[in-house]
Amino acid sequence: MTEQPDHGEKKIIVDEDWKSQVDAERKAARRQTQPESGDEPPGSQADLPEPSLMFLFGGLYLQGMVALGLLPNPETDTPERNLPLARHTIDTLDMLREKTEGNRTPEETRELETILHQLRLAFVAAEKPA
C-alpha cells in the first residue's frame, strides 16, 4: 500500500498486481495436481472394484485375519490379537450366509463357506492357551 496526496486528502492506493499473480500461481498449481480432463482423480469411482459379495466376503476375511493376529494391523504394521472382534467378524459372515441363502452363485457359496471354515479353525487355534 502506498499513500499519495490528492488535493490535501490522503488517498490509499492498493497494489492489485500481487493478487492477480497469486491467483495465477494457484491456478497453475491446481492444473499440475489435477488430472487431465476426462481422467478420474485418485480414490474416485474408477479406482474402486465393482461391488460384489465376493469383494465383501474378502474384506471381512481380511478383517478377521487381522483380528486373529495372523496378519499385521495395517495401522501399526504389527500383529495384534483381538478375539472379540474376530468372533464378531465370523458371526457377521455367518449372518450374511444365512441372509443370502438361495441368492448366491455357486462360486460365492464356495468362497463364503471356505472363508468361514478357515476363520473358525483359526479362531479355535487362537483360543487355545500357548
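Trainee: Start with Asp-77. Is that residue buried or exposed?
Mentor: Asp-77 has 62% relative accessibility, so it counts as exposed. The cut-offs are under 20% relative accessible area for buried, over 50% for exposed and partly exposed in between, with a 1.4 Å probe and protein chains only.

Trainee: What should I know about the model itself?
Mentor: This is a predicted model, where local features need pLDDT of at least 70, side-chain atom pairs count only at pLDDT 80 or more, and totals for chains, interfaces and linings use all residues. Residues are numbered from 1 along each chain as its sequence is written, and side-chain values use heavy atoms, with hydrogens and water left out.

Trainee: Back to Asp-77. Where is it?
Mentor: Asp-77 lies in the loop between strand S3 (68–72) and strand S4 (79–81). Its phi is positive, about 60°, although Asp-77 is not a glycine.

Trainee: And Thr-78, where does that sit?
Mentor: Thr-78 is also in the loop between S3 and S4. With 36% relative accessibility, Thr-78 counts as partly exposed.

Trainee: What does Thr-78 touch?
Mentor: Pro-72 and Asn-73, if you skip residues up to four places away in sequence. Contact here means heavy atoms within 4.5 Å. Thr-78 and Val-66 are 9.5 Å apart, C-alpha to C-alpha, and 12 residues apart in sequence.

Trainee: Zoom out. What pattern does the chain follow?
Mentor: Along the sequence, β-β-α-α-β-β-α-α. That comes to four helices and four strands. Helices (H or I, at least four residues) and strands (E, at least two) are DSSP runs, numbered from the N terminus.

Trainee: How much of the chain is buried?
Mentor: 20% of the 130 residues count as buried. The chain exposes about 10,200 Å², and carbon and sulfur atoms supply 54% of that. The areas come from the Shrake-Rupley method with a 1.4 Å probe; for residues, only the protein chains shown count as cover.

Trainee: Now helices. At what angle do H2 and H4 pack?
Mentor: About 5°, with the axes of helix H2 (residues 53–67) and helix H4 (residues 106–127) 10 Å apart. H2 is therefore roughly parallel to H4. Under 35 degrees counts as roughly parallel, over 145 as roughly antiparallel, 65 to 115 as roughly perpendicular and the rest as oblique.

Trainee: Which residues make that contact?
Mentor: On H2, they include Phe-57, Tyr-61 and Met-65; on H4, Leu-112, Ile-115 and Leu-119 are among them. The residues of the contact of H2 with H4 divide into eight nonpolar, three polar and three charged. Ala, Val, Leu, Ile, Met, Phe, Trp, Tyr, Cys and Pro count as nonpolar, Asp, Glu, Lys and Arg as charged, and the others, Gly among them, as polar.

Trainee: What about H3 and H4, how do their axes cross?
Mentor: At roughly 155°, with the axes of helix H3 (residues 83–99) and H4 coming within 10 Å. H3 and H4 are therefore roughly antiparallel to each other. The contact includes Ile-90 and Leu-93 of H3, and Leu-116 and Phe-123 of H4. It divides into 10 nonpolar, no polar and six charged residues.

Trainee: Last one. Thr-89, buried or exposed?
Mentor: Thr-89 has 1% relative accessibility, so it counts as buried. Thr-89 is found in helix H3. Leaving aside neighbours within four places in sequence, Thr-89 is in contact with Leu-60, Gln-63 and Gly-64.

Terms used: Axes are lines fitted to C-alpha atoms, for helices over the stretch in contact, and angles run from 0 to 180 degrees between N-to-C directions.
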